Amino acid sequence: MNPLVFAEGRPLDFIAVGRLCIDLNANETQRPMEETKTFTKYVGGSPANIAIGTSRLGLKTGFIGKVSNDQMGRFITQYLNENRINTDNIFIDRTGAVTGLAFTEIKSPTDCSILMYRDNVADLKLEPTEVPEEYIKQSKALLISGTALAKSPSREAVFMALEYARKHDVVVFFDIDYRPYTWESEAETAVYYNLAAEKCDVIIGTREEFDMMEKLLNYEKSDDKVTAERWFSYHAKIVVIKHGGEGSIAYTRDGQSHRGGIFRTNVLKTFGAGDSYASAFIYGLMKGLPIQEAMRLGGASASIVISKHSCSDAMPTVEEIKSFMETAEEVLETAR
């Protein structure tokens, strides 16, 4: 069953808001970053990757964000345009802010890390007045990402977008996307994440991310069912809790739960799985597929992306996902 209802007759299917940055992925793998000398540049940032993914899958996609007034900012906007993403509401920073950089280290298929440069970044300079109500009104769905809540004025811009989405019956997806280095404290993070999640229809995150959100509640232990039921007392209709290689579990307000597995693949890196999962899962839900089938699409998309060097460039088409699913081995693990 798919409990989501999307408004019909709108020119856009999906709008993402938030982080636009650059990924610099190590070309020399199986070694630490100290020994890595060359990197390949890609567009990055979770909401950007998810938007690129949904566009590749055929959804009419737009973006609300801010980029630096330099070559990096222009690179990002140009790449989104090339991927048929509407950039009418990507603004150019005029304060001298820079583009966030993420250097990736690929020591092994299971040992990867990211070194982030996030000081004075343009994407966190998005103003509430730069979030257009009319634009959000034209879309069926909105994605917010947790990183955009880390600083003002971006934080207020996200809450503005949430208000407009609720006002105009736009389905809201929340990708928790917790990056501790952009926050002052776990308490600050938990407060703003919880306030945002109260306004969202679908919440997607790892078990560790939900644990962080529950820090102020003093739960004795993690419990997926308790986590999900808490959000059903607000707007949430679906809560997806990811357990890495053990798959994922999606809960719905009617008391149902759905387990999602993984597809075996030749893993190159670990990062990018969450963004590719989200894009295909959202696509499946927006096409009216049952939750279980949307989760399978997400799992297949994640396996495709972690087998490749990039995140954004590797986002697959529908045809690529279907072809992969026909040949790859699907494993239903024991997510709780």
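**Note on the structure**

1. Helices are DSSP runs of H or I with at least four residues, numbered from the N terminus. The model discussed here is predicted. Helix H9 covers residues 291-306 and gives the most to the lining of the largest cavity, with 3 residues. That lining consists of Gly260, Gly261, Phe263, Met295, Arg296, Gly299 and Glu330. By class, 2 of the lining residues are nonpolar, 3 are polar and 2 are charged. The volume of the largest cavity is about 30 Å³. The count of cavities of 30 Å³ or more comes to 1.

2. **The largest pocket.** Pockets come next. How much volume does the largest pocket have? About 1,300 Å³. Its lining has 49 residues, and the closest to the centre are Thr270, Phe271, Gly272, Ala273 and Gly274. The classes divide into 18 nonpolar, 20 polar and 11 charged residues.

3. The peptide bond from Ser152 to Pro153 is cis, with omega near 5°. Most peptide bonds are trans. Pro153 sits in the loop between S8 and H4.

4. **Helix H5.** Is the length of this helix in line with its residue count, or out of line? H5 runs over residues 186-197, which makes 12 residues. At 1.5 Å a residue the helix should span 16 Å, and its end C-alpha atoms are 16 Å apart, so the two agree. The expected span uses one less than the number of residues. Glu188, Thr189, Ala190, Tyr193, Asn194, Ala196 and Ala197 are buried in H5. An α-helix has 3.6 residues a turn, so residues three or four places apart point the same way. Check the buried positions of H5 against that rule on the model. The buried residues of H5 pack against strands S8 (139-145), S9 (171-175) and S10 (202-206). They also pack against helices H4 (154-167), H6 (207-213) and H7 (224-232).

5. **Aromatic pairs.** The whole structure has 8 aromatic pairs. Look at Phe103 and Tyr117. Their ring centres are 5.5 Å apart and their planes stand at 70°, so the pair is edge-to-face; the cut-off for that class is over 60 degrees. Phe103 lies in strand S6 and Tyr117 in strand S7, so the pair ties together parts that are 14 residues apart in sequence. Are the two partners buried or exposed? Phe103 counts as buried, at 19% relative accessibility, because the limit is under 20%. Tyr117 counts as partly exposed, at 47%. Elsewhere, ring pairs link Phe174, Tyr178, Trp183 and Tyr193 into a cluster. Tyr193 is also one of the buried residues of H5.

6. **Two positive phi angles.** Most residues other than glycine have a negative phi. Which residues go against this here? Gln30 has a positive phi near 60°. Gln30 sits in the loop between S2 and strand S3 (39-44) and counts as exposed, at 53% relative accessibility. Asn218 also has a positive phi, of about 60°. Asn218 lies in the loop between H6 and H7 and is exposed, with a relative accessible area of 66%.

7. **Lys237.** This residue is in the loop between H7 and strand S11 (238-242). Lys237 counts as partly exposed, at 27% relative accessibility. Leaving aside residues up to four places away in sequence, Lys237 touches Pro3, Leu4, Asp201, Phe232, Tyr251, Thr252 and Arg253. Glu82 lies 155 residues from Lys237 along the chain, and their C-alpha atoms are separated by 34 Å.

How values were computed
Residues are numbered from 1 along each chain as its sequence is written. This is a predicted model: local features need pLDDT of at least 70, side-chain atom pairs count only at pLDDT 80 or more; totals for chains, interfaces and linings use all residues. Side-chain values use heavy atoms; hydrogens and water are left out. On a 1 Å grid over the protein atoms alone, a cavity is a set of points where a 1.4 Å probe fits but cannot get out, and a pocket is an open set with protein on both sides within 12 Å along at least five of seven lines; lining residues have an atom within 4 Å of a point. Grid points are joined across faces, edges and corners, and a volume is the space filled by probe spheres set on the points. Ala, Val, Leu, Ile, Met, Phe, Trp, Tyr, Cys and Pro count as nonpolar, Asp, Glu, Lys and Arg as charged, and the others, Gly among them, as polar. Buried means under 20% relative accessible area, exposed over 50%, partly exposed in between (1.4 Å probe, protein chains only). Contact means heavy atoms within 4.5 Å. Rings of Phe, Tyr and Trp (its six-membered ring) pair if their centres lie within 6.5 Å; planes under 30 degrees apart count as stacked, over 60 as edge-to-face and the rest as tilted.
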